[in-house]
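Trainee: I have a model open and want to go through its architecture. Can we take it step by step?

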Amino acid sequence: MKALRTHAAGGPETLVMDELPDPVPGKGEVLVRVHACSINFPDTLMIRDLYQFRPERPYAPGSELAGEIEALGEGVTGWAVGDRVIAMIGNGGLAEKVVAPVARLFPLPDGVDYATGASLLMTYGTTIHGLKDRGHIKAGDTVLILGAAGGVGLSAVELAKAFGARVVAAVSSEEKAQVAREAGADDVVIYGRPPFDKAQSKALADQFKAACGPNGANIVYDIVGGDYSEPALRAIAWEGRFLVVGFPAGIAKLPLNLTLLKSCDVCGVFWGAWTAREPAAFKAEVEELFALLKAGKINPRVSQRYTLDEGREAIALLENRQAMGKVVVEMIG
């Protein structure tokens with residue numbers, strides 16, 4: 001089988017297409033023939049050794065995939081060869097076949113294609129955990145979403161709307177603004193490129209405040225970080241929740257006096273670690289996502305599709321922050 005793997009720390013251009021024997025599932029595992037693997041921003045960090053987890057090399061990036069079961073390992077019950085599945089495996093997805101533990105396996109709902117299935121759990125899973133468990137979202141809240149046109153951002157737009165919130169989407173271009181509006185955003189702020197001086201930072205804060213209204217944002221969903229975070233914090237409501245999700249623009253430094261003045265919370269959203277610590281709660285939220293998908297309240301936007309041979313280009317697109325929606329590598333159409 002083919003697998004696009006990292007052998008040394010570096011960018012997507014350093015990935016090597018390897019020919020490997022088919023893996024064999026062990027106890028409690030299944031062999032999955034991969035149809036589609038989505039690319040997420042952590043994949044770009046992991047291959048450069050910039051992520052919290054550093055798997056032993058060589059390995060294929062790609063943590064989120066959909067495919068069909070080809071073989072069962074010892075002791076596996078409740079699954080059968082031919083079952084369509086979604087798997088969360090940490091890494092290894094950019095390969096024609098992978099071994100996945102049944103504890104990280106979910107049935108692909110009927111009528112859902114493989115590319116959509118591979119685009120659901122990491123983005124929407126992060127966001128439903130962030131908005132519900134960390135942000136305590138409720139109907140009528142105003143939610144300000146930074147980076148609202150990417151995969152995680154669009155999941156936040158859709159889920160916040162599904163939970164009855166008003167959504168302000170912050171993006172970097174009119175093209176991305178239109179994507180956010182199509183996903184349901186009520187208002188849009190288009191911001192410039194950092195670095196921002198003091199005047200530019202204040203001007204952006206004023207834009208956020210105007211869009212969020214006089215009471216401010218009950219929840220700030222910060223996927224971006226960097227110079228965008230402080231202006232967003234300045235637009236937060238009294239007792240608002242500032243959710244720290246990611247840092248593609250850099251790790252922000254927040255003036256903590258603002259948290260006192262707004263009596264607000266700054267909350268980390270580390271979904272991957274939470275799923276390992278709270279597997280029952282994780283599975284319950286996945287079931288909720290499946291129900292929302294069936295009801296048409298969420299719909300992952302697959303904006304670019306690549307072949308496995310084009311996998312380096314897919315990762316480069318994420319690394320350069322050019323993606324709108326989800327980027328998927330398809331091994332089988």
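Trainee: Into which domains is the protein divided?

Mentor: This is a predicted model, where local features need pLDDT of at least 70, side-chain atom pairs count only at pLDDT 80 or more, and totals for chains, interfaces and linings use all residues. Residues are numbered from 1 along each chain as its sequence is written, and side-chain values use heavy atoms, with hydrogens and water left out. The domain bounds come from an automatic or database domain assignment. The division is domain 1 (2-119 + 300-330) and domain 2 (122-271).

Trainee: How many residues of each domain are in contact?

Mentor: Contact means heavy atoms within 4.5 Å. The domain centres, taken over C-alpha atoms, are separated by 29 Å. At the interface, 17 residues of domain 1 touch 18 residues of domain 2.

Trainee: How many residues apart are R5 and D18?

Mentor: The structure holds 17 salt bridges. In the one between R5 and D18, the closest N and O atoms are 2.7 Å apart. Helices (H or I, at least four residues) and strands (E, at least two) are DSSP runs, numbered from the N terminus. R5 sits in strand β1 (residues 2-5) and D18 in strand β2 (residues 16-19), a separation of 13 residues.

Trainee: Where is the proline of the cis bond from R57 to P58 found?

Mentor: Most peptide bonds are trans. From R57 to P58 the bond is cis, with omega near -5°. P58 lies in the loop between α1 (41-46) and β4 (64-72).

Trainee: What is the phi of D49?

Mentor: Most residues other than glycine have a negative phi. D49 is in the loop between α1 and β4. D49 is not a glycine, yet its phi is positive, at about 60°.

Technical notes. Salt bridge = Lys/Arg side-chain N within 4 Å of Asp/Glu carboxyl O.
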